[in-house]
Amino acid sequence: MAFYDMDLFQNTDTVNRLLARYGVKFGIYKNNVFHEQLFPFDAIPRIIEANEFDYLERGLKQRVRALNMFLKDIYTEKKIVKDGVVPEDFIFATSGYMAECEGVCPVKDIASHISGIDLVQGKDKEWYILEDNLRVPSGASYPMIARQLCRMSSPKTFRENHIEDNRNYAELLKKTMDYVNTGGLNVILTPGRFNSAYFEHSYLSEQIGATLAIGQDLVVEDDVLYFKDYSGKKERVGAVYRRISDDYLDPMNFNAESLIGVPHIYDVFRKGNVALLNAPGNGVADDKGIYYFVPKMIKYYLGEEPILKNAPTYLPFYDEDMQYVLEHFDNLVLKDVAEAGGYGVVFGNSMTKQQKADFISMLKAEPRRFIAQEVIDFLDIDVMCDGEIVPRKADLRAFVLMADEPMVWKSGLTQFTRNPDSFIVNSSQGGGFKDTWVLSH
């Protein structure tokens with residue numbers, strides 16, 4: 001379904017200027033230099049029909065339930081490994097596995113409280129999961145503030161169309177934090193203003209009434225975490241939505257060189273005295289190699305058939321898959337399992353003969369390092385470019401929050417490529433974003 005609204009079109013530049021004024025930018029480090037750039041907004045919304053979103057919602061809830069069960073299992077009994085469903089090599093060889101998390105159960109057994117699940121819709125109209133982001137997924141704030149500004153610039157558009165209100169993300173996030181809070185403040189822990197998603201950290205803290213803190217604002221005393229304000233007053237903290245990666249979260253338990261973490265915060269978490277959202281060690285479940293096994297997890301833990309499909313994926317780790325990859329190399333996309341943000345992705349048909357030979361040598365030497373996928377022909381969506389409506393590739397990041405049950409936000413972050421020849425849509429690769437309208441019943 002296409003949608004064109006002249007009020008929104010005419011105010012696109014105004015909306016983008018306001019987004020820049022509010023600091024809605026995306027920061028990246030390149031060649032050890034920090035660059036801040038605008039995250040361009042496109043006024044043509046992605047529209048998802050109510051019944052189609054119902055289907056996505058069922059599949060996303062199912063997937064996140066299974067992933068949470070996997071995370072609990074893998075750091076405790078490891079039944080899925082003992083039963084031969086997931087090979088041991090794919091657990092302990094992943095960079096996301098953390099031995100320090102062995103035997104540690106997060107508050108109420110929830111490890112992934114905020115999951116960002118990336119999907120694409122093929123030209124066959126099927127939805128495919130591209131990857132699961134369970135560590136520190138970002139992006140919810142962009143459609144939130146874009147919708148807010150669009151409502152201001154064209155209130156008629158939102159009166160005349162039956163669109164799910166996306167302003168409840170803050171309510172869902174607060175419910176998620178409150179559910180696991182052990183008694184005390186809700187805190188959003190940010191690395192600081194030079195982080196690529198700092199706008200989001202500050203915006204979400206304001207929206208949910210949480211305290212925005214850097215590592216130096218938090219202190220551990222007698223196995224309790226406190227927030228210390230400028231006057232020295234201390235308040236107990238019950239839940240921390242941490243926007244710092246595992247390695248840098250706690251210099252006493254992980255990377256000793258971290259200057260942005262909180263010494264001993266992990267010890268407080270381990271004793272059950274504070275909730276960390278998301279839990280450390282989640283990276284074992286969003287490794288691109290583990291992604292291959294998620295449909296098997298759903299069957300193993302839930303006894304159900306997966307509702308949503310993975311993109312067709314091959315693991316060169318297995319001899320038969322390696323053979324398939326070598327025979328169909330030009331038709332596949334190869335991904336480094338340790339990379340993110342569109343980095344470490346190469347298309348077989350884009351390589352020179354020498355590049356292909358070099359890559360295959362590397363693939364044979366390190367088969368666990370890569371996955372291969374069939375290239376899904378994304379459904380093109382309309383984008384306004386230089387005054388013209390043009391087709392571009394886009395994905396959708398859906399957000400699933402977990403309290404007493406999974407909750408799927410009826411919105412999402414649609415990212416699109418501005419390059420007509422590219423399938424890589426990430427903001428770090430120069431992409432833009434648009435609002436996602438879920439039509440109401």
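Guide: We'll take the cavities, then the cysteines. Keep in mind that this is a predicted model.

Visitor: How many cavities of 30 Å³ or more does a search of the whole structure find?

Guide: A cavity is space where a probe fits but cannot get out. Searching the whole structure turns up three cavities of 30 Å³ or more. Let's look at the second largest cavity, which holds about 130 Å³ of space.

Visitor: Which residues lie nearest the centre of the second largest cavity?

Guide: Its lining is made up of 15 residues, and Tyr-75, Val-104, Pro-106, Ala-111 and Pro-280 lie nearest the centre. Two elements, helix H3 (50-74) and helix H11 (265-270), each give two or more residues to this lining. H3 gives the most, with three residues.

Visitor: And how do the residues of that lining divide into nonpolar, polar and charged?

Guide: For the second largest cavity, you get ten nonpolar, three polar and two charged.

Visitor: On to the cysteines. How many disulfides does a search of the whole structure find?

Guide: To count as a disulfide, two cysteine sulfur atoms must be within 2.5 Å. The whole-structure search finds zero disulfides. Take Cys-101: the nearest cysteine sulfur belongs to Cys-105, 11 Å away, and Cys-101 is in no disulfide.

Visitor: Is Cys-101 buried or exposed?

Guide: Buried means under 20% relative accessible area. Cys-101 has 3% relative accessibility, so it counts as buried.

Visitor: What about Cys-150?

Guide: Cys-150 is in no disulfide either, with the nearest cysteine sulfur, that of Cys-385, 18 Å away. Cys-150 counts as buried, because its relative accessibility is 3%.

Definitions and conventions:
Residues numbered from 1 in each chain as written. Predicted model: local features only at pLDDT ≥ 70, side-chain atom pairs only at ≥ 80, totals over all residues. Heavy atoms only, no water. 1 Å grid on protein atoms, 1.4 Å probe; cavity = no way out; pocket = protein on both sides within 12 Å on 5 of 7 lines; lining within 4 Å. Points joined across faces, edges and corners; volume = space filled by probe spheres on them. Helix = DSSP H or I, 4+ residues; strand = E, 2+ residues; numbered from the N terminus. Nonpolar A, V, L, I, M, F, W, Y, C, P; charged D, E, K, R; others polar. Buried < 20%, exposed > 50% of the residue type's maximum accessible area, 1.4 Å probe, protein only.
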